[in-house]
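User: Please guide a new reader through this structure by way of questions and answers.

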Amino acid sequence: MKERIPSFVAILLLFVLVASTWWAADYTQRAVRIEAARRVTHEPDSWADNFIMVRTDPAGVAVNRLEGDHMEHYPDDDSYKITNTKAIGQRTGSPITIGTSRTAVMDQHGSRVVMTGDAHLHRLPDEDRAALDVRSQQLTLLPDEDVTFTDLPAVVVNGNSTMNGKGMRYDNKTRTLKVFSASDVKISGQDSQSRSTTKKTEPKKP
């Protein structure tokens, strides 16, 4: 019997160790509050005043600039909401464009800017083309493609000519303007004469 006492003591100590370990683990789980997984909602996680964002091409040359009075970032879709927005496109080889609106949302990793509220796109004039102005309640800018479009009613002023229609698409790379469902078009004689004169003075291809 005396030979078995050390074995009984060892088993008892092992049992006490296991029980105390289980109790400590259970107490830790009950004492330490485990946060539930955070639910992602459309709520801003950061903001800034006098917001300015500049995008560059692979060579480091600035091609787009987005600025506004106030910015809020939403983590659920990685979008930015900007108030009193100004978007400037300044790609090499293309006319400079300036878009303004009361608010705008930039999403899709910066490849889309939806400008809402008195949206206005202004293309600066150059030696070959007059200024171009597009006004609508909403304009969508695709900075990577240098394209602006809307499905809403829009007023387009190209030089001295005016076009009213529903739906518009302007490609700044090719200087191509398409107005869909035009309801009122006024082509200025000066613009027609200017295009005709330009065509006549173009050098002939060999």
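The questions and answers below treat the surface, the strands, a loop and an aromatic pair.

User: On what basis are the values given?

Analyst: This is a predicted model, in which local features need pLDDT of at least 70, side-chain atom pairs count only at pLDDT 80 or more, and totals for chains, interfaces and linings use all residues. Residues are numbered from 1 along each chain as its sequence is written, and side-chain values use heavy atoms, with hydrogens and water left out.

User: Which residue of E5 is the bridge partner of Thr-97?

Analyst: Strand E4 (residues 97-107) pairs with strand E3 (residues 79-89) in the antiparallel sense over 9 bridges (two strands pair if DSSP finds at least two bridges between them). Gly-89 stands opposite Thr-97 on that side. E4 is also joined by 9 bridges to the antiparallel strand E5, residues 112-123. There, the bridge partner of Thr-97 is Arg-123.

User: Which residue in the turn between E4 and E5 has a positive phi?

Analyst: E4 and E5 form a hairpin with 4 residues between them. The residue in this turn with a positive phi, about 50°, is Gln-108.

User: What separates the C-alpha atoms of Ala-130 and Asn-160?

Analyst: Ala-130 has its place in the loop between E5 and strand E6 (132-142). Beyond its neighbours within four places in sequence, Ala-130 is in contact (heavy atoms within 4.5 Å) with Arg-123, Pro-125, Asn-158 and Gly-159. Ala-130 and Asn-160 are 30 residues apart along the chain, and their C-alpha atoms are separated by 8.5 Å.

User: How is the aromatic pair arranged, stacked or edge-to-face?

Analyst: The structure holds 1 aromatic pair. Rings of Phe, Tyr and Trp (its six-membered ring) pair if their centres lie within 6.5 Å, and planes under 30 degrees apart count as stacked, over 60 as edge-to-face and the rest as tilted. Because the rings of Phe-51 and Tyr-80 have centres 6.3 Å apart and planes at 25°, their pair is stacked.

User: How many residues apart in sequence are the parts that this pair ties together?

Analyst: Phe-51 lies in strand E1 (residues 46-56) and Tyr-80 in strand E3, so the pair ties together parts whose separation in sequence is 29 residues.

Definitions and conventions: Helix = DSSP H or I, 4+ residues; strand = E, 2+ residues; numbered from the N terminus.
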